[in-house]
Amino acid sequence: MRIFSWNVNGLRAVAQKLVDDPLFNPSSLKGPNSYGKALQAFFEHHKADIVCLQETKCSKLNLLEDSIVHVEGYESFWSFSTVKNGYSGTATYVKKGKTLDASNTPFLEPELNTEGRTVMTDHKHFVLFNCYFPNATKGEDRLKYKMDFCTSLEKLCHDLKAQGRQVIVVGDLNIAHHPIDNSYADKEERACYLTCEREWLTGFLSKGFVDTFRHRNPETVCYSWWDMKTFKRATNEGIRLDYCIASSELLENIQDSLILFDQHGSDHCPCALDLKEFESFEVTEVPLLSSEYKRKKQTSIQSFFKPKDGASTATVDPFQLKPSASSTTVDKKRKAAPQTRKNSKPAVKRVRK
């Protein structure tokens, strides 16, 4: 099976480019269904079972064309920014019948769920994070936000591994890990190549995770992002920002890890992770976040984390909504108080004369 990941820098723009490309739209189809047909042809061309897209720049599900949401043969899972329209955003397309559960609000810290940067899906044999990491180019506040994002994601991954689950993280990390990953490495420290960012990634990988591309290609110079304003792709002066990271236990299942340099359409190129086919399994219910439900609002769903024996779900369940202390107190008072009609008058005891 193949997991395909791409920062598209605007999904509608890429979809239109696919429609205009005879390879993906040989019949020159136009109209409302053309996006979906072209996306389907694109997914099939890359033999993708799962497609993870970052920086979709889509605002709401009900504002998207149906053919983008419902690509034939796939169900889609979306995360949108609630702080700014046309900003950030992630989407995961999966062949139908391969997803047990999903969430677009995986973090316990609410502020980390507001920019639409993560879609998390459970495929039984592994849990997949499709991530668009924050960029730290706009000052100390954004750097702190990014490092908080990194720390929280790492905790989620380790909580899952502690429960015996395997984890795959794909997407745009906005980090160039080593000098070989950065054609600008001889210059001053800059965002995406800050010491704190690189040290975090080193620490994360040292705790049971593998950068699959670098593992298989230790000496290969290959980038996934280029500055399009200065036409740096033509001279291949870029940075490797896009990764497929997997639990070390999955190494025996990995057949290849690729950077698809020849795929144009964005300032990033895609990457892909090829895995041996896993044992099939039955999906009895379509996940609530799935496009099959045509949901118009983002949802926070019950976790598929399993708490350890005797442990509180609060420590391992990043999805479970928890009532506040005040609301719990109010609920108890309501249960204790007798039910009376609003504005009813107190009963008066009648006495016979």
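Two strands count as paired if DSSP finds at least two bridges between them. The views below come from a predicted model.

**View 1. The pairing of strands S7 and S8.** Strand S7 (residues 127–132) and strand S8 (residues 167–172) run parallel and are joined by 6 bridges. Within this pair, Tyr 132 stands opposite Asp 172 in S8. In general, the strands of a sheet pair through backbone hydrogen bonds, either parallel or antiparallel.

**View 2. The open sheet of 6 strands.** The strands follow the order S5-S6-S7-S8-S12-S9, with mixed pairing. Strand S5 (101–103) and strand S9 (209–211) form the edges, each pairing on one side only. From one strand to the next, the twist averages 15°.

**View 3. Helix H4 across the strands.** Helix H4 (residues 140–162) lies across strand S6 (118–122), S7, S8, S9 and strand S12 (242–247). Relative to S7, helix H4 runs at about 175°.

**View 4. A nonpolar surface patch.** Val 286, Leu 288 and Tyr 293 make up this patch of about 260 Å². Tyr 293 belongs to the loop between strand S14 (271–275) and helix H7 (325–336). Tyr 293 counts as partly exposed because its relative accessibility is 42%, and this class lies between the limits of 20% for buried and 50% for exposed.

**View 5. The protein as a whole, for orientation.** The secondary structure comprises 7 helices and 14 strands. Of the 353 residues, 51% count as buried. The protein exposes about 18,200 Å², of which carbon and sulfur atoms supply 52%. Among contacts with a separation of 6 or more, 70% are accounted for by residues 24 or more positions apart.

Terms used. Residues numbered from 1 in each chain as written. Predicted model: local features only at pLDDT ≥ 70, side-chain atom pairs only at ≥ 80, totals over all residues. Heavy atoms only, no water. Patch = residues over 30% accessible without salt bridge, like charges linked within 9 Å, V, L, I, M, F, W, Y side chains within 5 Å. Areas by Shrake-Rupley, 256 points an atom, 1.4 Å probe, with all protein chains shown as cover. Salt bridge = Lys/Arg side-chain N within 4 Å of Asp/Glu carboxyl O. Helix = DSSP H or I, 4+ residues; strand = E, 2+ residues; numbered from the N terminus. Buried < 20%, exposed > 50% of the residue type's maximum accessible area, 1.4 Å probe, protein only. Axes fitted to C-alpha atoms, helices over the stretch in contact; angles between N-to-C directions. Contact = heavy atoms within 4.5 Å.
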